[in-house]
Amino acid sequence: MKKLWFMILLALSFACSKDESKESIVSRDDYFPNTPGTTWTYDGPLEGTMVVTSERKTFGDKVYSELVQEGAQSGASYLNKGSGDYYLRGFAGLGEIDLLVLKDDVDEGATWDQNITYQGTSAKVYYTLSQKNIEETIDGETFNNVIVVEVNVTTSAFGSALTVAALTFHFGKGVGIVRIETDYEVLTGLSGFNGTTDLVDYTIE
């Protein structure tokens, strides 16, 4: 499973006590639970299992939960969430880049974007919250209050914008990512991961 795992979490004060830190950083009532021991198993092009560990890492002024991916393609990515914003670090093998993959407090149709630089190449990421509070049935289970975010990564080539990746994430409230649709251009070297990946099993601690 490609390191397609979106990283994000809450800015915590190091002055907090141990109990305060745990209470601040852990939530089951948002769109990406991060309690240690929580697991998600997916079937599809990005198949594999992702586990929330007890590790916390600080990058800049943000504290992140570690997400370890198990399977043919193993690795770690990092999640920071807070005030409705969800950041993923290491997403799609992008190293130290934070992607703002979800804003759960905006209305349907809202858009936002980011400028990023990767291996010396400038790119722009466009996000659209295309659906909110919908119901979806995936692998026989019905999820309520699902948010769908469409992501397009573009770069400039020959004076025009070129889309190199189009991804759609479906976030279930209290569950996390329930579906990922991926469409990579051949030039990215990731076109073998195109298709729909569905959540087939999970444990929320």
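## Backbone, sheet and core

Asparagine 133 belongs to strand S8, which covers residues 121-138. The model is predicted. Aspartate 139 sits in the loop between S8 and strand S9 (141-157). Most residues other than glycine have a negative phi. Asparagine 133 has a positive phi and is not a glycine, and the phi of aspartate 139 is also positive, although this residue is not a glycine either.

| Residue | Phi | Location |
|---|---|---|
| Aspartate 139 | about 50° | loop between S8 and strand S9 (141-157) |

Aspartate 139 counts as exposed because its relative accessible area, 54%, is over 50%.

Twelve strands form an open sheet with antiparallel pairing, in the order S6-S5-S4-S3-S2-S1-S12-S11-S10-S9-S8-S7. Strand S6 (98-103) and strand S7 (111-118) are the edge strands, each pairing on one side only. From one strand to the next, the twist averages 30°. Strand S5 (residues 85-89) runs antiparallel to S6 and is joined to S6 by five bridges. Aspartate 85 has lysine 103, in S6, as its bridge partner.

In soluble globular proteins, nonpolar side chains tend to be buried together. Here the largest nonpolar core contains 45 residues, and Phe32, Leu102, Val149 and Phe171 have the most contacts inside it. S9 supplies the largest share of this core, with seven residues.

Which residues does valine 149 contact, leaving aside its neighbours within four places in sequence? The contacts of valine 149 beyond those neighbours are Val101, Leu102, Trp112, Tyr127, Thr128, Leu129, Leu167, Thr168, Phe169 and Phe171.

Conventions. Residues numbered from 1 in each chain as written. Predicted model: local features only at pLDDT ≥ 70, side-chain atom pairs only at ≥ 80, totals over all residues. Heavy atoms only, no water. Helix = DSSP H or I, 4+ residues; strand = E, 2+ residues; numbered from the N terminus. Buried < 20%, exposed > 50% of the residue type's maximum accessible area, 1.4 Å probe, protein only. Core = buried A, V, L, I, M, F, W, Y, C linked by side-chain atoms within 4.5 Å. Contact = heavy atoms within 4.5 Å. Pairing = 2+ DSSP bridges. Axes fitted to C-alpha atoms, helices over the stretch in contact; angles between N-to-C directions.
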